[in-house]
Amino acid sequence: MKTHQKHLIQKKGIKIIENRVKAFVGENGQMEKVVFENGESVTVKGGFVLPRPSQTSDFAKDLGCESNSLGGISTDSYGRTNIKGVYAAGDASIVAPAQLIIAAAEGLQAAVGVNRDLIETEFL
Ligand SMILES: Cc1cc2nc3c(=O)[nH]c(=O)nc-3n(C[C@H](O)[C@H](O)[C@H](O)COP(=O)(O)OP(=O)(O)OC[C@H]3O[C@@H](n4cnc5c(N)ncnc54)[C@H](O)[C@@H]3O)c2cc1C
């Protein structure tokens, strides 16, 4: 966190703790405590985390699909990857912002891409 950001937050009376978090402790899905690596802890009623999304499956890489700068599968606007016949949409092709409406829209676009490619395929 930059110094000016720290000052802005502290001016609001918010305490900044920069110790590394060891564990979030709670019960029944309710966070109760944050435990730090130095052994200290703070009691809390809730919290926000900043997730760093990443692809959990390697199959696209194994197929030879190129990645985009966000770590998702690189596609054109119709979900086509660099591998013929392989399409991607949603969180597989983007990792931020991950939103249902974007995934649904990309799914539709990929379906249009599949349809277009099949129509153009010559069956011998
Ligand atoms: C905690 C959390 C909160 C969120 N809140 C919101 C919100 O409030 N509003 C919003 O719009 N979006 C929200 N999102 C994002 C939203 O859920 C995703 O953007 C959306 O679900 C992406 O849809 P998708 O179909 O691309 O992927 P998914 O919904 O992840 O579907 C992928 C499917 O593929 C399956 N799969 C994965 N690997 C394999 C494999 N190797 N073989 C077979 N199947 C496989 C998975 O099991 C899953 O069913 C949230 C996400 C998270 C994690």
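Guide: Setting aside neighbours within four places in sequence, Gly 113 is in contact with Tyr 78, Gly 79, Arg 80 and Tyr 87 in this predicted model. Gly 113 belongs to helix α3, which covers residues 100–120. Is Gly 113 buried, exposed or partly exposed? It counts as partly exposed, because 18 C-beta neighbours lie inside 10 Å, while a buried residue would need 20 or more. In an α-helix there are 3.6 residues a turn, so residues three or four places apart point the same way.

Val 49 and Gly 113 are separated by 64 residues in sequence, and their C-alpha atoms are 36 Å apart in space.

The chain is divided into domain 1, residues 3–43, and domain 2, residues 59–120. Between the C-alpha centres of domain 1 and domain 2 the distance is 38 Å.

Next comes the other end of the chain. Helix α1, residues 3–11, is hardly covered: of its nine residues, the number that are buried is zero. Gly 13 follows α1 and has a positive phi, near 80°.

Then come the strands. Strand β1 (residues 21–27) and strand β2 (residues 30–36) run antiparallel and are joined by six bridges. Glu 27 has Gln 30 in β2 as its bridge partner. Two residues lie between the strands of this hairpin, and Asn 28 is in the loop between β1 and β2. The phi of Asn 28 is positive, about 50°, although Asn 28 is not a glycine. Asn 28 counts as exposed, because it has 5 C-beta neighbours inside 10 Å and the limit for an exposed residue is 12 or fewer.

β2 also pairs with strand β3 (residues 41–43), in the antiparallel sense and over three bridges. Here Val 35 stands opposite Ser 41 of β3. The hairpin of β2 and β3 has four residues between the strands, and Gly 39 in that hairpin takes a positive phi near 95°. In a regular strand, side chains alternate between the two faces of the sheet.

Technical notes:
Residues are numbered from 1 along each chain as its sequence is written. This is a predicted model: local features need pLDDT of at least 70, side-chain atom pairs count only at pLDDT 80 or more; totals for chains, interfaces and linings use all residues. Two strands pair if DSSP finds at least two bridges between them. Domain bounds come from an automatic or database domain assignment. Two residues are in contact if their C-beta atoms, placed from the backbone, lie within 7 Å.
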